[in-house]
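Here is a short note for a colleague opening this entry for the first time. Please read it beside the structure.

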Amino acid sequence: MSTDYHINVIDHEGIAHKVPARPGMPVMRLIADAGLLIRAECGGCCSCATCHVHVDDQWFSVVGEPSAEEENTLDSAMDIGDTSRLSCQMSFVPEWDGLTVTLTQDTL
């Protein structure tokens with residue numbers, strides 16, 4: 001029996017999109033595959049902040065804190081918040097079904 005997972009992505013205009021999700025896939029790739037605007041210039045190497053998202057407050061403790069390497073890269077991002085993460089460093093797991101993230105100015 002197949003289970004359909006999804007994440008919710010709030011775009012730059014405040015519009016919510018229900019995006020299909022597959023376990024093991026970076027959240028950045030899920031967003032890009034859905035056709036939403038995300039630059040992701042480094043392709044997921046944690047060397048830029050162009051996939052920076054804000055994780056919804058209720059999900060941040062589930063998703064967890066960024067690694068030290070991710071925090072260093074986030075230092076170059078705009079609009080850093082308490083729930084900032086690089087979506088390339090977040091590999092989707094089934095427990096994240098329904099996760100909500102908001103795209104930031106870095107992704108434009």
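What does the secondary structure of the chain come to? The count is three helices and five strands. The points below refer to a predicted model.

1. Order of elements. Read from the N terminus, the chain runs β-β-α-β-α-α-β-β.

2. Overall dimensions. The chain has a radius of gyration of 13 Å, which agrees with the value near 13 Å for a compact globule of 108 residues. The C-alpha trace spans about 45 × 25 × 25 Å along its principal axes.

3. Burial and surface. Of the 108 residues, 46% count as buried. The chain exposes about 5,600 Å², and carbon and sulfur atoms supply 47% of that area.

4. Contacts along the sequence. Among contacts in the chain with a separation of 6 or more, 66% come from residues 24 or more positions apart.

5. The hairpin. Strand β1 covers residues 5–10 and strand β2 residues 16–21; they pair in the antiparallel sense over six bridges. Five residues lie between the two strands of this hairpin, and Gly-14 in the turn has a positive phi of about 85°.

6. The other partner of β1. Strand β1 also pairs with strand β5 (residues 100–103), here in the parallel sense and over three bridges. Ile-10 takes part in both pairings: its bridge partner in β2 is Ala-16, and its bridge partner in β5 is Thr-102.

7. Thr-100. Is this residue, Thr-100, buried or exposed? Thr-100 is buried, because its relative accessible area is 16% and the cut-off for burial is under 20%. Thr-100 lies in strand β5. Beyond its neighbours within four places in sequence, Thr-100 is in contact with Asn-8, Ile-10, His-54, Val-55, Asp-56 and Trp-59.

8. Aromatic pairs. The structure holds two aromatic pairs. One of them joins Tyr-5 and Phe-92; this pair is tilted, at 5.8 Å centre to centre with 55° between the planes. Tyr-5 belongs to strand β1 and Phe-92 to the loop between β4 (84–86) and β5, so the pair ties together parts 87 residues apart in sequence.

9. Phe-92 and Trp-96. The ring centres of Phe-92 and Trp-96 are 6.5 Å apart and their planes stand at 85°, so this pair is edge-to-face. Phe-92 is buried, with a relative accessible area of 1%, and Trp-96 is buried as well. Tyr-5, Phe-92 and Trp-96 form one aromatic cluster.

Terms used: Residues are numbered from 1 along each chain as its sequence is written. This is a predicted model: local features need pLDDT of at least 70, side-chain atom pairs count only at pLDDT 80 or more; totals for chains, interfaces and linings use all residues. Side-chain values use heavy atoms; hydrogens and water are left out. Two strands pair if DSSP finds at least two bridges between them. Helices (H or I, at least four residues) and strands (E, at least two) are DSSP runs, numbered from the N terminus. Buried means under 20% relative accessible area, exposed over 50%, partly exposed in between (1.4 Å probe, protein chains only). Contact means heavy atoms within 4.5 Å. Rings of Phe, Tyr and Trp (its six-membered ring) pair if their centres lie within 6.5 Å; planes under 30 degrees apart count as stacked, over 60 as edge-to-face and the rest as tilted. The radius of gyration is taken over C-alpha atoms; the globule rule is 2.2 Å times the number of residues to the power 0.38. Accessible areas come from the Shrake-Rupley method with a 1.4 Å probe; for residues, only the protein chains shown count as cover.
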